[in-house]
Amino acid sequence: MSWIVLVLSGVLEAVWATALGKSEGLTRFWPAVVFFAALAASMVGLAYAMRELPVGTSYAVWVGIGAVLTVVYAMLTGQEPLSASKVLFLAMIVGGVVGLKLVH
(Lines give C-alpha, C1' and ligand atoms only; values in the text may rest on other atoms or scores of the structure.)
Protein backbone atom coordinates (compact mmCIF):
# COMPACT_ATOMS: atom_id res chain seq x y z
CA MET A 1 0.00 0.00 0.00
CA SER A 2 2.88 2.36 0.78
CA TRP A 3 4.20 2.11 -2.78
CA ILE A 4 0.80 2.97 -4.26
CA VAL A 5 0.47 5.99 -1.97
CA LEU A 6 4.02 7.04 -2.81
CA VAL A 7 3.36 6.91 -6.56
CA LEU A 8 0.14 8.91 -6.16
CA SER A 9 2.03 11.44 -4.03
CA GLY A 10 4.61 11.73 -6.82
CA VAL A 11 1.82 12.45 -9.28
CA LEU A 12 0.52 15.14 -6.93
CA GLU A 13 4.01 16.61 -6.82
CA ALA A 14 3.77 17.18 -10.57
CA VAL A 15 0.34 18.78 -10.04
CA TRP A 16 1.58 21.22 -7.43
CA ALA A 17 4.74 22.05 -9.35
CA THR A 18 2.71 22.84 -12.47
CA ALA A 19 0.15 24.82 -10.47
CA LEU A 20 2.93 26.81 -8.82
CA GLY A 21 4.21 27.83 -12.24
CA LYS A 22 0.72 28.79 -13.39
CA SER A 23 0.08 30.78 -10.20
CA GLU A 24 2.58 33.46 -11.30
CA GLY A 25 4.23 33.73 -7.89
CA LEU A 26 1.04 32.79 -6.02
CA THR A 27 -0.75 35.86 -7.40
CA ARG A 28 -3.43 33.92 -9.31
CA PHE A 29 -6.08 32.55 -6.96
CA TRP A 30 -7.16 29.20 -8.45
CA PRO A 31 -3.71 27.96 -9.44
CA ALA A 32 -2.55 28.92 -5.93
CA VAL A 33 -5.43 26.96 -4.39
CA VAL A 34 -4.53 23.92 -6.51
CA PHE A 35 -0.89 24.36 -5.52
CA PHE A 36 -1.58 24.37 -1.77
CA ALA A 37 -4.11 21.52 -1.90
CA ALA A 38 -1.87 19.28 -4.03
CA LEU A 39 1.18 20.18 -1.95
CA ALA A 40 -0.57 19.23 1.28
CA ALA A 41 -1.93 15.96 -0.12
CA SER A 42 1.43 15.09 -1.67
CA MET A 43 3.28 15.67 1.60
CA VAL A 44 0.75 13.66 3.61
CA GLY A 45 1.14 10.77 1.17
CA LEU A 46 4.93 11.00 1.28
CA ALA A 47 4.85 10.98 5.07
CA TYR A 48 2.54 7.95 5.05
CA ALA A 49 4.82 6.03 2.69
CA MET A 50 7.86 6.86 4.81
CA ARG A 51 6.32 4.98 7.72
CA GLU A 52 7.19 1.71 5.92
CA LEU A 53 9.73 2.68 3.26
CA PRO A 54 13.21 4.11 3.77
CA VAL A 55 13.42 7.90 3.66
CA GLY A 56 16.00 8.00 0.86
CA THR A 57 14.10 5.61 -1.37
CA SER A 58 10.78 7.33 -0.71
CA TYR A 59 12.15 10.76 -1.47
CA ALA A 60 14.00 9.66 -4.61
CA VAL A 61 10.91 7.94 -6.00
CA TRP A 62 8.64 10.87 -5.09
CA VAL A 63 10.93 13.44 -6.69
CA GLY A 64 11.61 11.26 -9.73
CA ILE A 65 7.94 10.71 -10.50
CA GLY A 66 7.12 14.37 -9.94
CA ALA A 67 10.01 15.62 -12.05
CA VAL A 68 9.32 13.31 -14.98
CA LEU A 69 5.60 14.05 -15.06
CA THR A 70 6.18 17.79 -14.74
CA VAL A 71 8.58 17.82 -17.71
CA VAL A 72 6.37 15.52 -19.80
CA TYR A 73 3.35 17.77 -19.17
CA ALA A 74 5.37 20.84 -20.12
CA MET A 75 6.56 19.17 -23.33
CA LEU A 76 3.05 18.00 -24.25
CA THR A 77 1.62 21.48 -23.75
CA GLY A 78 4.40 23.16 -25.70
CA GLN A 79 5.83 25.00 -22.70
CA GLU A 80 9.10 23.13 -23.05
CA PRO A 81 10.75 21.82 -26.22
CA LEU A 82 10.77 18.09 -26.89
CA SER A 83 14.10 16.50 -27.73
CA ALA A 84 15.50 13.00 -28.00
CA SER A 85 18.08 13.71 -25.31
CA LYS A 86 15.39 14.89 -22.86
CA VAL A 87 13.35 11.76 -23.51
CA LEU A 88 16.44 9.61 -22.96
CA PHE A 89 17.30 11.29 -19.66
CA LEU A 90 13.69 11.15 -18.46
CA ALA A 91 13.68 7.43 -19.30
CA MET A 92 16.81 7.08 -17.17
CA ILE A 93 15.00 8.68 -14.22
CA VAL A 94 12.07 6.29 -14.72
CA GLY A 95 14.53 3.40 -14.85
CA GLY A 96 16.05 4.56 -11.58
CA VAL A 97 12.64 4.74 -9.92
CA VAL A 98 11.75 1.25 -11.15
CA GLY A 99 15.16 0.01 -10.01
CA LEU A 100 14.60 1.37 -6.52
CA LYS A 101 11.32 -0.53 -6.35
CA LEU A 102 12.96 -3.75 -7.54
CA VAL A 103 15.79 -3.64 -5.00
CA HIS A 104 13.62 -2.66 -2.05
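Modeller: One begins with the elements: helices (H or I, at least four residues) and strands (E, at least two) are DSSP runs, numbered from the N terminus. The model is predicted, so local features need pLDDT of at least 70 and side-chain atom pairs pLDDT 80 or more, while totals for chains, interfaces and linings use all residues. Residues are numbered from 1 along each chain as its sequence is written, and side-chain values use heavy atoms, without hydrogens and water.

Biologist: Where is Leu26 found?

Modeller: Leu26 lies in the loop between helix 1 and helix 2. Glu24 has its place in that loop too, just after helix 1.

Biologist: What should helix 1 span, and how far apart are its end C-alpha atoms?

Modeller: The expected span is 1.5 Å times one less than the number of residues. Helix 1 has 21 residues and should therefore span 30 Å; its end C-alpha atoms are 30 Å apart, in agreement. Helix 3, with 22 residues, reaches 31 Å from first C-alpha to last, close to the expected 32 Å.

Biologist: How do the axes of helix 1 and helix 2 cross?

Modeller: Two packed helices are described by the angle between their axes and the distance between the axes. Axes are lines fitted to C-alpha atoms, for helices over the stretch in contact, and angles between N-to-C directions run from 0 to 180 degrees. For helix 1 (residues 2–22) and helix 2 (residues 29–49), the axes come within 8 Å and the crossing is at roughly 155 degrees. That value makes helix 1 roughly antiparallel to helix 2; the scheme takes angles under 35 degrees as roughly parallel, over 145 as roughly antiparallel, 65 to 115 as roughly perpendicular and the rest as oblique.

Biologist: At what angle do helix 3 and helix 4 pack?

Modeller: Helix 3 and helix 4 pack at about 150 degrees, their axes being 9 Å apart. They are therefore roughly antiparallel to each other as well.

Biologist: Which residues in helix 1 meet helix 2?

Modeller: Contact means heavy atoms within 4.5 Å. On the helix 1 side the contact includes Ser2, Val5, Leu6, Ser9, Leu12 and Trp16.

Biologist: Which helices do the buried residues of helix 1 pack against?

Modeller: They pack against helix 2, helix 3 and helix 4 (84–103). Among these buried residues are Trp3, Gly10, Glu13, Ala14 and Thr18. In helix 3 (residues 55–76), the buried residues include Val61, Trp62, Gly66 and Ala74; their cover includes helix 1, helix 2 and helix 4.

Biologist: Which residues is Thr57 in contact with?

Modeller: Beyond its neighbours within four places in sequence, Thr57 is in contact with Trp3 and Leu100. Thr57 belongs to helix 3 and is buried, its relative accessible area being 16%.

Biologist: How far apart in space are Val63 and Glu13?

Modeller: Their C-alpha atoms are 7.6 Å apart, although 50 residues separate the two in sequence. Val63 is in helix 3 and counts as partly exposed, at 28% relative accessibility.

Biologist: What does Lys86 touch?

Modeller: Lys86, a residue of helix 4, touches Met75, Glu80 and Pro81, not counting residues up to four places away in sequence. Its relative accessibility is 26%, so Lys86 counts as partly exposed. Its C-alpha lies 9.5 Å from that of Val72, 14 residues away along the chain.

Key
Buried means under 20% relative accessible area, exposed over 50%, partly exposed in between (1.4 Å probe, protein chains only).
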